[in-house]
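Here are a few friendly notes to read alongside the model. Please have the structure open as you go through them.

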Amino acid sequence: MPGMSMIVKTVARWLKGPILLLGIYFTVYGHLEHSGGFAGGVIIACAFILVFLAEGKTAENRLLSKNVAAGLSSVSALALLGLAAAGWFWGRGFFNNFLPTPAEDHFRLISSGLIMFYNLCISLMVATTLFVVFVILSAVKVVLPPGAHRDHALEDPEEA
């Protein structure tokens, strides 16, 4: 598919930056606000999906190919698992925050030990996974036999 009109492409390019910035904000400040890595990852994926929809199929490899996105998703999942398992080595348990935080640093950006790093891993994993799922689902076509109507496409042909 070649993409949408020039107006839609221009608006998508203008909105891409603010949407990405909002997703990054939700990810980085997730331990201080009512958001986090999952919400930030969904918003970041929406920015890539918006550009993909506006530009068409040709934007996939220029934007973020599905192989690179799948690789980033796997690496971020392994990084999250590594951070979670690191608590065992410091004797506190799986997914335990083992970095100390002084009381005067509470409610600052770097005030939560590993929680911000957990959010970064989760955000990258969610954003890349949602983008890959969207790209794969956009490639699927429902092919109907000649003369079949879309309403009856899901019926069993032997029953008809």
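1. Buried here means under 20% relative accessible area, with exposed over 50% and partly exposed in between (1.4 Å probe, protein chains only). In helix α5, the buried residues are M116, Y118, N119, C121, S123, V126, A127, T128, F131, V132 and V135. Across the protein, 31% of the 160 residues are buried.

2. A word on the basis: this is a predicted model, where local features need pLDDT of at least 70 and side-chain atom pairs pLDDT 80 or more, while totals for chains, interfaces and linings use all residues. Residues are numbered from 1 along each chain, and side-chain values use heavy atoms, leaving out hydrogens and water.

3. The protein has five helices and zero strands, where helices are DSSP runs (H or I, at least four residues) and strands are E runs of at least two, numbered from the N terminus.

4. Helix α4 (residues 66-89) packs on helix α5 (residues 115-139) at about 150°, with the axes 8 Å apart; axes are lines fitted to C-alpha atoms over the stretch in contact, and angles run from 0 to 180 degrees between N-to-C directions. The two helices α4 and α5 are therefore roughly antiparallel (an angle over 145 degrees).

5. Which residues of α4 and α5 make the contact? Contact means heavy atoms within 4.5 Å. On α4 they include L72, L80 and L83, and on α5 they include F117, M125 and F131.

Methods. Angles under 35 degrees count as roughly parallel, over 145 as roughly antiparallel, 65 to 115 as roughly perpendicular and the rest as oblique.
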